[in-house]
Amino acid sequence: VEVAILETARGGMLRSGLAFKACDVGVVLNVAADHLGIGDIETVEDLAHLKSIVAETTRPSGYAVLNADDPLVSSMAQRVKGQVAYFSMDPHNELLRKHTQQGGLAAIYEHGYLSILKGDWLLRIEQAEKVPLTMGGLAPFQIANALAASLAAFAQGVSIEHIRQALHSFQSGAQQTPGRMNLFNLGRFHALVDYAHNPASYEALGGFVKNWPGCCIGVVGGPGDRRDEDFIALGKLAGQIFDEVIVKEDDDTRGRPRGDAAKWIVHGLEEVPTAASYRTILNETEAVNTALDAAPDDSLVVILPESVSRAIGLIQARNPLPQGNVAPSTIETSEPVSPTSEQYAEVHSS
C-alpha cells in the first residue's frame, strides 16, 4: 500500500477518535449545519472544532488542505503543525492571495481552469468542463472537490500530468461512485441520483440543477434524526431549486412518527412565495416511480434517496441509454459522463 485515503466522519471521531495517529495530508472541504443536536454538537462552531482534528493531526512535514472560501475551515490553519495549502473557487480570494504571495501553495479556479498556484507561478491542470466529475463544468461543488483532490495530490509530489490523467479518467457514475451525481439518459428525459440530505448539499446540488434547460422534478426527503428546523430548511431549498417536488420519507424514520418529517418539509415549501408545486408520497419506491412515470420531455428528475441502490435499480429497470450520463445537447459539455463508471465528503460534505 502506497496511499490510504480515509474519510473521517464526525460521528466516528466522537465515538472512537481517529483511525490513525497522524496523516501526511489532512483535507477539510467545508463545515455545514448537519447532525447538529447529536453527540453534544449543538452549533456549526462546535462541528468546526471537531473537524479541525483532521487538520491538527497533519504531520509537521505534511500539508493541511483547507477551503479558503469557508471561514470556519480556513481558521483551522492556526491549529496546523505542518504546512497549509488553500483551495478556492475565487481567484481573488484575499486569504489565498496573501498566502501565495508569501510562497504558500494553493489551488484555484480561474478563467475556467483548475490551477495550482505557488508564489508568482501558476500551473494550469485542465479546463473544468473537460473534467467528467464536474458535469461539463456545471457542478461548482464538484469543481471545488476536484481542486481539493488535485491540491492534496500535488502536495505529495504527484505530477500535473498524472493529476490531469486522473481527472480525465474518473467517472462519477453508478458503478464507481453510487449516489454521487449519477446522471442517466432515459431517452425523453434524464434522471439524477444523489445522496444530498442536508441544506448545504441541497444548495450545492442546486448549483447544477439551475443550469438544466428543462423542467426539474425533485424527489426529496431527509434522515429522521434531524431537527424540525432542518426539515423546514430542506423544504425551502427544494421549493427554490425545483419546478415540482415529491416529498417522501425514509423507510427508517429514526424514531419519528411516520409522516412527521414530510410534514415539516411541506411547511418549508409553503414558506417560499414562488415555491414549486408539490405532493407527498411517503413510500420512496412509489415516489420515485411516480416521478419517472410523469417526467415531461427534456426534463430532469432528481432523486435524493435513502437507499441509493434501490433508486439506481428503479432507473436501471427502465433501460437507460448506454451513454446515460450525457447531458442534453442544449447544455455544452466537453466530456460524456458514463453511467457505469458520489463529494459530503459532504461537500458534499466532509
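Asp 70 sits in the loop between β2 (58-67) and α3 (71-74); helices (H or I, at least four residues) and strands (E, at least two) are DSSP runs, numbered from the N terminus. Asp 70 counts as buried because its relative accessibility is 11%, where buried means under 20% relative accessible area, exposed over 50% and partly exposed in between (1.4 Å probe, protein chains only). Asp 70 touches Asn 30 and Val 31, leaving aside residues up to four places away in sequence; contact here means heavy atoms within 4.5 Å. Its C-alpha atom is 8.5 Å from that of Leu 29, 41 residues apart along the chain.

A word on the model: it is predicted, so local features need pLDDT of at least 70 and side-chain atom pairs count only at pLDDT 80 or more, while totals for chains, interfaces and linings use all residues. Residues are numbered from 1 along each chain as its sequence is written, and side-chain values use heavy atoms, with hydrogens and water left out.

Now for another aspartate. Asp 250 belongs to the loop between β10 (244-247) and α9 (260-270), and it counts as buried because its relative accessibility is 7%. Its contacts, again skipping residues up to four places away in sequence, are Gly 222, Pro 223, Arg 258, Glu 284 and Glu 306.

On to the helices. In α4 (residues 94-101), Leu 96, His 99 and Thr 100 are buried. They cover an arc of only 90 degrees around the axis, so they lie on the same side of α4; the arc is that of the directions from the helix axis to the C-beta atoms. Glu 94 and Gln 101 are exposed on the other side. The buried residues of α4 pack against β3 (83-88), β4 (105-110) and β5 (113-118). After α4 comes Gly 103, with a positive phi near 95 degrees.

In α10 (residues 284-294), the buried residues are Glu 284, Ala 287, Val 288, Thr 290, Ala 291 and Leu 292. Among the elements covering them are β10, β12 (300-303) and α11 (308-316).

| Helix start | Side-chain oxygen of | Backbone nitrogen of | Distance |
|---|---|---|---|
| α4 | Asn 93 | Leu 95 | within 3.0 Å |
| α10 | Asn 283 | Thr 285 | within 3.1 Å |

Conventions
A polar contact is a pair of N or O atoms within 3.5 Å; within protein, one must be able to donate a hydrogen and the other to accept it, and residues adjacent in sequence count only if both atoms are side-chain atoms.
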